[in-house]
Amino acid sequence: MIFNSELMEKLACAYGPSGNERHVAELIMAELEGVVDELYTDDAGNVIAHRKGEGRKLMFSAHMDTIALLVTFIDEKGFLRVTNVGGISPTALISQRMLFENGREGILVLDKRGEKKDIDCAEMYIDTGLPAEEARRWFAVGDLCVAKGSYYETDEYVICPAADNRTGCYALIEAAKARVPSVFDVYYVFSVLEEINALGARCAGKLLAPDICVAVDTTVSNDSYEGFEISVKLGSGVGISAKDAGLVSHYSVYGMLCAAAEKAGIRTQPYACKLGATDAGGVSKTGRGVAAGAISIPTRYIHTPGECFCKSDLLDTVRLIEAVEQYAGS
Amino acid sequence: MLLKELCMLPGLTGYEAPVRDFIRSRLDEVGIACRVDRLGNIIAENPGPADRKLMLTADMDEVSMIVTGIESSGWLKFGITGHLDPSVLDSCDVLIENSVSGVIGVKPIHALKREERGKPVPADALLIDIGARSREEAEARVQIGAKVTFAPRFRQLGCLVSGKAVDARVGCSVLLDLLLKKPPIGFTAVFSVIGRLDGKGLKVGVNQVQPDAVVQIKAAECADLDTVKPERQAAVLGDGPCFFMKDGGTVYDIALARRARRAAESEGIRTQLYRYCKTENYDIHYAMLAKPGADWLVMGVPCRYTESPVAALSLEDYRESVRLAEMLTRFLTKEEA
């Protein structure tokens with residue numbers, strides 16, 4: 001299996017904040033045209049790709065959205081004031097380039113008049129390089145912007161924006177294209193608003209009422225100096241979540257994931273941690289309840305413009321999705 | 001405008017009956033069919049044609065306190081339902097079970113400690129004084145579990161009206177005024193209960209109605225004082241009703257709000273975008289899950305001093321809000337699903 005750098009770059013650099021994911025949705029719809037039996041967006045904006053099958057309903061979920069900033073005010077100097085959309089880390093974004101839907105950019109700056117140790121959104125502003133009247137022409141209260149970054153890769157690693165969770169989108173797209181014979185009726189859901197309590201996936205879960213849901217997302221690792229307590233490192237395989245901040249994985253799903261990986265000879269890293277949540281936690285609570293679990297691509301520097309993951313881990317994730325489709329847990 | 005009558009009634013979270021009964025009587029008088037569901041929501045039908053199932057909704061409940069204990073000194077301990085800044089409560093007039101008057105005060109011992117001077121009073125240091133000299137005297141007049149609201153008052157201050165629950169009831173008042181006008185487009189009106197606990201009543205309402213589009217009407221807290229920097233004011237009194245962009249639980253459909261604003265502008269209705277959010281309020285997040293994919297617009301009437309006994313709004317904004325609510329019924333029937 002060869003790493004599809006072109007696809008990963010397109011996904012990583014696409015503009016898609018929580019609340020305005022349609023450009024990413026269009027990109028994904030174009031990738032899956034003619035690949036699956038049914039391809040549509042639901043009322044919430046999720047892209048749903050259906051590979052019809054005879055067995056139980058299996059839903060994979062990867063979110064399209066990234067954290068973002070929302071413009072709340074344009075001041076007399078033409079600077080933009082912002083608030084957060086999702087769990088942004090202000091310190092990670094200070095001095096970063098912010099990208100808007102209309103293609104314009106600005107630089108996020110710390111307002112030193114309010115300097116203190118813990119920065120919050122009220123102490124930041126965006127300088128778009130425009131005087132006030134021009135700024136009011138091109139920007140408005142309600143605009144969303146994301147951190148701009150560029151795609152960079154080495155033989156084994158990738159540094160790019162939005163690995164959380166465009167790597168998950170990559171995995172679902174590549175697995176869908178592989179079309180391995182499956183014992184399930186498979187739904188690939190590319191969800192909206194995951195960064196805001198998994199709202200999109202919960203809507204999709206309610207509509208589709210799957211029997212099983214597996215979220216495909218990123219997880220933190222312990223092999224940098226970020227200081228996370230988790231038994232996962234880059235390059236050692238797909239993370240399989242026993243528990244995260246949002247979900248204790250259903251024992252049958254966890255078992256199925258481990259068994260499928262073993263059968264197909266895929267390297268995995270089981271983990272349990274207090275950090276991070278995925279679409280699975282939200283979907284598990286929908287309708288009459290859904291057996292849910294999550295697999296994760298180990299990623300450093302999540303929620304910064306330069307997230308880092310190992311290509312082999314992402315390819316292992318694609319293989320694991322295919323193995324689950326083929327073998328379930330047997 | 002029935003805002004004054006609505007505000008003077010007690011309507012605590014979970015005990016909204018007086019407000020509910022008032023609204024039902026007004027609806028009965030004009031022959032609007034309504035029923036009450038198991039939680040206490042009023043579900044009323046405004047007759048008329050509609051291409052989509054529309055729902056307009058507003059919460060009925062206000063800042064609610066409940067007596068949790070009676071001290072040996074005769075002071076009452078109390079708890080608060082929902083989110084409320086305790087520093088607003090110091091020195092407030094309150095009314096217990098709509099009959100016993102009291103004042104919220106701070107026990108003097110706490111005020112004397114040097115390190116506590118200038119700090120906000122913690123909620124558990126506040127007590128209600130009903131002028132009882134002992135526990136026995138207090139118990140003769142008030143029981144544990146007694147319900148407490150701010151003392152009812154409603155006044156005109158220049159262009160504003162101010163009083164208890166003005167912010168809590170403005171949504172109901174706008175919706176009721178709209179229904180009484182018998183607007184042409186058909187929609188379901190839900191006057192919901194338990195709004196202050198993350199919209200539990202609203203969620204149940206949405207479960208039953210299963211609308212294609214929802215407009216929630218509430219107050220929009222504004223801090224438009226000169227001492228507050230413009231970027232932190234959130235909304236400006238007098239600039240018209242607000243559309244919210246997000247709450248603590250979700251980002252709303254800003255593109256839809258912008259289209260609604262343009263439609264409002266073409267009819268000469270002023271609106272603004274609400275430029276702040278309280279990250280602890282999950283508001284409509286749960287209700288949104290009850291009907292996935294429905295269009296949501298949340299509109300707020302700008303209010304100062306929310307969740308205090310003197311919440312205030314501008315009558316001009318109020319009138320614009322009723323006009324906006326009616327316009328939105330027409331706007332949303334035309335919007336594609």
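Buried means under 20% relative accessible area, exposed means over 50%, and partly exposed is in between (1.4 Å probe, protein chains only). By that cut-off B:Thr329 is buried, because its relative accessible area is 0%.

This is a predicted model: local features need pLDDT of at least 70, side-chain atom pairs count only at pLDDT 80 or more, and totals for chains, interfaces and linings use all residues. Residues are numbered from 1 along each chain as its sequence is written, chains are lettered from A and ligands numbered from 1 in the order in which they are written, and side-chain values use heavy atoms, with hydrogens and water left out.

B:Thr329 sits in helix α9 of chain B. Helices (H or I, at least four residues) and strands (E, at least two) are DSSP runs, numbered from the N terminus. A polar atom of the B:Thr329 side chain lies 2.6 Å from the backbone oxygen of B:Glu326.

B:Leu313 belongs to strand β17 (residues 311-314) of chain B. B:Leu313 counts as buried because its relative accessibility is 0%. From B:Leu313 to B:Ile66 the sequence separation is 247 residues, and the C-alpha to C-alpha distance is 27 Å.

The table lists contacts (heavy atoms within 4.5 Å), leaving aside neighbours within four places in sequence.

| Residue | Contacts |
|---|---|
| B:Thr329 | B:Leu54, B:Leu56, B:Ile185 and B:Phe187 |
| B:Leu313 | including B:Leu3, B:Cys159, B:Val301 and B:Tyr318 |
| B:Ile23 | B:Leu6, B:Ile42, B:Met60, B:Cys172, B:Leu176 and B:Phe191 |

**Nonpolar cores**

A nonpolar core is a set of buried Ala, Val, Leu, Ile, Met, Phe, Trp, Tyr and Cys residues joined through side-chain atoms within 4.5 Å. The largest one has 157 residues, and B:Ile23 and B:Phe191 touch the most other members. Helix α9 (residues 315-334) of chain B gives the most to this core, nine residues. Another core lies apart from it, with 22 residues, among them B:Val67 and B:Leu84.

**A helix pair in chain A**

Helix α7 (residues 251-264) and helix α9 (residues 311-327) of chain A pack at about 100°, and their axes are 9 Å apart. Axes are lines fitted to C-alpha atoms, for helices over the stretch in contact, and angles run from 0 to 180 degrees between N-to-C directions. α7(A) and α9(A) are therefore roughly perpendicular (65 to 115 degrees). Residues of α7(A), including A:Met256 and A:Lys263, meet A:Leu320, A:Ala323, A:Val324 and A:Tyr327 in α9(A).

Methods. Parallel < 35°, antiparallel > 145°, perpendicular 65-115°, else oblique. Polar contact = N/O pair within 3.5 Å; in protein donor to acceptor, adjacent residues only side chain to side chain.
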